[in-house]
Amino acid sequence: MPSTDTLIDLRSDTVTRPTAAMREAMAAAPVGDDVYGDDPSVNALQARVAEMTGMEAALLLPTGTQSNLVALLAHCERGDEYIVGQSYHTYRYEGGGAAVLGSIQPQPIPVQDDGSLALEDIEAHIKPDDLHFARSRLLALENTCNGRVLSVEYVHSAAALARRHGLNVHMDGARLFNAVVAAGVTLQHYTGAMDSVSLCFSKGLGAPVGSMLAGSQALIHAARRWRKMTGGGMRQAGILAAAIDHALTHHVADLAADHRRAAMLAEGLSALNRVEAVTVNTNMIYMTLPDAHSGDVLQARLAEQGVLISGGRRIRLVMHRDIDDDGVQRVLDLIGTALAA
Ligand SMILES: *Cc1c(COP(=O)(O)O)cnc(C)c1O
């Protein structure tokens, strides 16, 4: 297998590695014990993210899963429920944490082709105050959802509907910066309609570790307690905060290049032999082959040549900052050759 320096890894944007400049910022960060609230780099970052999102406060967490979990635990009590997309991360990919650890019941509903939840579906699943039902407490959105951007108008309509029924609204914004860059709006166009938002920095933004949760003082106060209880109270975390701060300053605008390269790759792929369908949204490409075997064979062929992809019939390819224009061309050439064989 080729060395990790020449690998092109399209499995996810989580594979991005910190740059030399990011590592320098991390090395230079002033630190303290963040459980005591003493880490100046963490405190500065939390203030920065609160301001950027227009929220009262923000909190650094090790992962997006924990950020979403503590948000759910802070919004909901035992016997409450959150309305969520059937394929959303906060329902499907977080080990059922809200139910396991919070006795919070998910109410999953179908996700539309554009990644949204139909307003009629949301409304139909909000329960009246009746002792037969769990208490509907929260609407959980996701943006982007498999790369799909929710429009600002939609997010505000969904939030207004939820509020009319007394629900709070959380956004799993693991890739919200991709949405912001793609839609050409500001972060606050989205966060202005939310009670809380979770942001990931270990994906396309290139930090090694870290997510942020933003919300009201009261919510973040509760989330901080849950974070400690679930083992996320870190000590000299300023080293991680410095990486995130660096990403916020230097890497957000670069997401546009990822989107441009994803479109380039998608265009090239759709012209190839045996590729049945290609869709692209922000930095995510889905390529459909005739069957799962073809995908598994392609995966093995490419791995021998230093390109990592997932297998199966419908293959997700994720563009990120560690792949440049030459990398896109190399991937296209290798996939073209492999599928022609
Ligand atoms: C990656 C991701 C998360 C958080 O994942 P972690 O690996 O725990 O950081 C949450 N939501 C979505 C939509 C994601 O893609």
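Student: How far is the polar side-chain atom of His89 from a nitrogen atom of the ligand?
Tutor: A polar side-chain atom of His89 lies 3.5 Å from a ligand nitrogen. Keep in mind that this is a predicted model.

Student: OK. What about Asp172 and the ligand?
Tutor: An N or O atom in the side chain of Asp172 is 2.6 Å from a nitrogen atom of the ligand.

Student: And Gly64, which part of that residue is involved?
Tutor: The backbone. A polar backbone atom of Gly64 is 2.8 Å from an oxygen atom of the ligand.

Student: How much of the ligand does the protein bury?
Tutor: The protein buries 81% of the 380 Å² that the ligand exposes when taken alone.

Student: Which residues surround the ligand?
Tutor: Among them are Thr63, Thr65, Asn68, Glu94, Glu142, Arg175 and Lys203. His89, Gly64 and Asp172 also belong to that shell.

Student: What classes are the shell residues?
Tutor: Two are nonpolar, five are polar and five are charged.

Student: Which helix gives the largest share of the shell?
Tutor: Helix H3, residues 64–75, with three residues.

Student: New topic. How many salt bridges does the structure hold?
Tutor: The structure holds 13. In general, side chains of opposite charge can pair when their charged atoms come close.

Student: What does Asp80 pair with?
Tutor: Asp80 forms a salt bridge with Arg137, at 3.9 Å from N to O. The pair links distant parts of the chain, with Asp80 in strand E3 and Arg137 in strand E5, 57 residues apart.

Student: Is Asp80 buried or exposed, and what about Arg137?
Tutor: Asp80 has a relative accessible area of 2%, so Asp80 is buried. Arg137 counts as partly exposed, because its relative accessibility is 29%.

Student: What about Glu81, which residue forms a salt bridge with that one?
Tutor: Lys127 does, and the closest N and O atoms are 2.7 Å apart. Lys127 lies in the loop between helix H6 and E5 while Glu81 is in strand E3, so the pair ties together parts 46 residues apart in sequence. Glu81 is buried, with a relative accessible area of 0%.

Student: Where does Arg321 come in?
Tutor: The side chain of Arg321 meets that of Asp254 in a salt bridge, 3.0 Å from N to O. Asp254 is in the loop between helices H11 and H12, and Arg321 is in the loop between strand E12 and helix H14, 67 residues apart. Asp254 is partly exposed at 32% relative accessible area, and Arg321 is partly exposed at 24%.

Student: Last one. Which residues do salt bridges with shared partners join into one network?
Tutor: Asp80, Arg135 and Arg137.

Note on methods
Residues are numbered from 1 along each chain as its sequence is written. This is a predicted model: local features need pLDDT of at least 70, side-chain atom pairs count only at pLDDT 80 or more; totals for chains, interfaces and linings use all residues. Side-chain values use heavy atoms; hydrogens and water are left out. A residue is near a molecule or strand if one of its heavy atoms lies within 4 Å of it. A polar contact is a pair of N or O atoms within 3.5 Å; within protein, one must be able to donate a hydrogen and the other to accept it, and residues adjacent in sequence count only if both atoms are side-chain atoms. Accessible areas come from the Shrake-Rupley method with a 1.4 Å probe; for residues, only the protein chains shown count as cover. Helices (H or I, at least four residues) and strands (E, at least two) are DSSP runs, numbered from the N terminus. Ala, Val, Leu, Ile, Met, Phe, Trp, Tyr, Cys and Pro count as nonpolar, Asp, Glu, Lys and Arg as charged, and the others, Gly among them, as polar. A salt bridge is a side-chain nitrogen of Lys or Arg within 4 Å of a carboxyl oxygen of Asp or Glu. Buried means under 20% relative accessible area, exposed over 50%, partly exposed in between (1.4 Å probe, protein chains only).
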